[in-house]
Amino acid sequence: MSGGDTVDPLQIFRDYRATGDRRLRNDIVEDHRHLADRFARRYRSRGIPVDDLRQTALLAMVRAVDRFDPEQGVTFATFASRTMDGELKRTLRDKAWAVRPPRAAQERHLALRKREEELTHRLGRAPSIAELAGALDATVDEVLEAVEAGGARTAGGITRTNDDGSVVDADDLLSVSDIGFGRTDDRLLVAQLLDQLDERSREVIRLRFFERLGQDEIAQRIGVSQSYLSRLLRKILVDLRSRIGELDGIVGDDDVEPGDDRSTAAP
Amino acid sequence: MRTDHRHAELRLPADPRLLRVARVAVASLAAELPFTLQDIEDLRIAVDELAAAAIDGCGPDSTLDLRFEVDGQELVVTGRVEGAGEPPPMHPVAIDLLGLVAAGHEIGIDGDDRVFRFTKRPPTTGS
């Protein structure tokens with residue numbers, strides 16, 4: 001948008017509110033798309049592809065246009081930035097919840113989202129509206145009203161799919177870390193074992209078991225394909241297991257299949 | 001609005017301000033199927049965008065006819081604006097949004113009518 005004349009930048013928002021003309025809304029979104037891209041880039045490398053973040057930001061901006069009140073004295077850029085930032089953080093938090101202890105769940109303050117996450121956890125998939133209504137002891141209409149009012153979104157999945165298509169449940173991931181790293185003696189032994197690994201293997205173990213990142217993100221960080229990372233991880237764990245048999249608990253079956261001793265990684 | 005077990009029909013003036021009614025209708029019907037909140041959010045956006053495209057450039061006397069059909073486990077949404085002809089080129093943002101939430105949608109003409117169609121299936125549950 002350019003022009004020498006004095007143009008009220010808020011007029012287009014007023015026109016949109018008055019007419020509901022989606023072309024006006026889309027013009028606004030297009031004019032501010034760079035903001036969506038900027039916020040998407042800000043949160044890249046945190047386990048969600050930047051294209052997905054960009055889509056999240058775009059949808060958040062569309063909602064921001066719908067909600068923006070030009071008479072409130074705040075610029076749209078500020079308002080949209082807050083909306084996108086919040087939405088991206090929520091998306092990332094949901095993603096993080098998929099692989100970390102569910103501390104974030106304690107912070108949930110909206111009953112719908114809280115219950116949705118509980119159900120997602122329990123069912124191993126996102127609940128349907130009817131299931132949510134049942135769990136909330138509410139009518140389907142009331143749930144839909146909550147959706148309409150809050151634009152609630154689902155939590156990310158709480159399972160992770162490995163390269164071979166096998167599904168790893170969040171509880172399994174968490175129990176592995178609790179058993180393996182929960183005891184002081186074991187920690188010392190693990191530290192000794194890790195010292196024997198080369199730098200990259202140590203980094204893979206750190207990212208997988210201490211940072212609890214998914215294989216896809218680890219692969220991205222160290223610059224290898226996910227299938228290669230999967231083989232590499234198995235090789236490292238088999239190697240560790242062979243070094244110290246007493247610590248079987250550290251190596252979960254999620255990462256090393258029984259009898260997988262001959263797993264090898266490409267050099 | 002007429003409803004039965006299989007479908008609902010909605011007739012609206014071609015006024016973008018009234019598309020909220022279409023959003024509520026599709027969300028209500030989708031709630032009868034095992035859709036998630038995210039699916040329903042996407043459905044609302046998809047219907048809003050397609051319906052907005054269908055009435056784009058139409059005068060206030062035009063009418064948008066929407067049909068929401070539950071076919072097994074999928075929801076089929078169709079729209080028609082009689083005599084509206086070819087839809088104008090879509091805004092790039094609308095194209096992006098529909099690409100995100102309404103993969104496989106169709107919008108075009110049927111005789112002199114402007115029509116669209118979109119099918120949404122619930123995610124496979126269990127495995």
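Ten residue pairs sit in polar contact across the interface of chain B and chain A, both residues at pLDDT 80 or more; a polar contact here is an N or O pair within 3.5 Å, with one atom able to donate a hydrogen and the other to accept it, and sequence neighbours count only if both atoms are side-chain atoms. The elements giving two or more residues to chain B's side are helix 1 (19–30), helix 2 (37–55) and helix 3 (92–101) of chain B, with helices taken as DSSP H or I runs of at least four residues and strands as E runs of at least two. Helix 2 of chain B hands over the largest share, nine residues. That side splits into 20 nonpolar, six polar and ten charged residues, with Gly counted as polar.

This is a predicted model, where local features need pLDDT of at least 70 and side-chain atom pairs 80 or more, while totals for chains, interfaces and linings use all residues. Residues are numbered from 1 along each chain, chains are lettered from A, and side-chain values use heavy atoms, leaving out hydrogens and water.

Six salt bridges link chain B and chain A, each a Lys or Arg side-chain nitrogen within 4 Å of an Asp or Glu carboxyl oxygen. One of them joins B:Asp56 to A:Arg23 at 2.5 Å, N to O.

B:Leu66 partners B:Leu10, and B:Val70 partners B:Leu75. Strands 3 and 4 of chain B form a hairpin with two residues between them, B:Gly72 having a positive phi of about 65°.

Definitions and conventions
Two strands pair if DSSP finds at least two bridges between them.
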